[in-house]
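Me: I would like to go through this model with you, strand by strand. Please keep the answers plain.

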Amino acid sequence: MYITQEKLQHINTITHEGKVVILATDAQGKIWYSVKQDGFEDSYLNTPPEQRTGWENWQELELPFKRWVKAPTLFSWEMKPSEPSR
């Protein structure tokens, strides 16, 4: 696979419900993913044949908790919910 997303690192591949999923992090610690197309998705069929790569575009994995804050005890961290979207 040709990786078009810049500065990805720690790349790993898993399968989920019959799909191949690539997970990676970038230099800022964001998690990105791409899914292998099986040829029946609208995004695949609506793309001209010469532009098909067989993979969905990279998307950032949205997590419900976006920031870590230091907990009162030493060597302890806990997650706090991110601000609600407006």
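Me: Which residue in E3 does Val21 stand opposite?
Reply: Val21 stands opposite Val35 in E3. Please bear in mind that this is a predicted model.

Me: How many bridges join E2 and E3, and in which sense do they pair?
Reply: E2 and E3 pair over 5 bridges, in the antiparallel sense.

Me: What about the hairpin of E2 and E3: how many residues are between the strands?
Reply: There are 4 residues between the strands in that hairpin. Gly29 takes a positive phi there, near 85 degrees.

Me: In what order do the strands of the sheet run?
Reply: The order is E1-E2-E3-E4, with 4 strands forming an open sheet and antiparallel pairing. Strand E1 (8-16) and strand E4 (59-60) each have a single partner strand and stand at the edges, so one side of each is left without a neighbour in the sheet.

Me: And through what do strands of a sheet pair in general?
Reply: They pair through backbone hydrogen bonds, in either a parallel or an antiparallel manner.

Me: Back to E1, then. How many bridges does E1 share with E2?
Reply: E1 pairs with strand E2 (residues 19-26) over 7 bridges, in the antiparallel sense. Leu8 has Asp26 in E2 as its bridge partner.

Me: Which residues of E3 are on the covered face, and which on the uncovered one?
Reply: In strand E3 (residues 31-35), Trp32 and Ser34 make up the covered face. Ile31, Tyr33 and Val35 make up the uncovered face.

Me: Is Ser34 buried or exposed?
Reply: Ser34 counts as buried because its relative accessibility is 1%, and the cut-off for buried is under 20%.

Me: Which backbone oxygen lies 2.7 Å from a polar atom of the Ser34 side chain?
Reply: That is the backbone oxygen of Glu56.

Me: Changing topic: where does Gly18 lie, and is Gly18 buried or exposed?
Reply: Gly18 lies in the loop between E1 and E2. Gly18 is exposed, with a relative accessible area of 77%. The C-alpha atoms of Gly18 and Asp38 are separated by 9.9 Å, and the two residues are 20 residues apart along the chain.

Me: Last topic, rings. How many aromatic pairs does the structure hold?
Reply: The structure holds 0 aromatic pairs.

Me: And which ring does the charged end of Arg52 sit over?
Reply: The charged end of Arg52 sits over the ring of Tyr44, 4.6 Å from the ring's centre.

How values were computed. Residues are numbered from 1 along each chain as its sequence is written. This is a predicted model: local features need pLDDT of at least 70, side-chain atom pairs count only at pLDDT 80 or more; totals for chains, interfaces and linings use all residues. Side-chain values use heavy atoms; hydrogens and water are left out. Rings of Phe, Tyr and Trp (its six-membered ring) pair if their centres lie within 6.5 Å; planes under 30 degrees apart count as stacked, over 60 as edge-to-face and the rest as tilted. A charge sits over a ring if NZ of Lys or CZ of Arg is within 6 Å of the ring centre and within 35 degrees of the ring normal. Two strands pair if DSSP finds at least two bridges between them. Helices (H or I, at least four residues) and strands (E, at least two) are DSSP runs, numbered from the N terminus. Buried means under 20% relative accessible area, exposed over 50%, partly exposed in between (1.4 Å probe, protein chains only). A polar contact is a pair of N or O atoms within 3.5 Å; within protein, one must be able to donate a hydrogen and the other to accept it, and residues adjacent in sequence count only if both atoms are side-chain atoms.
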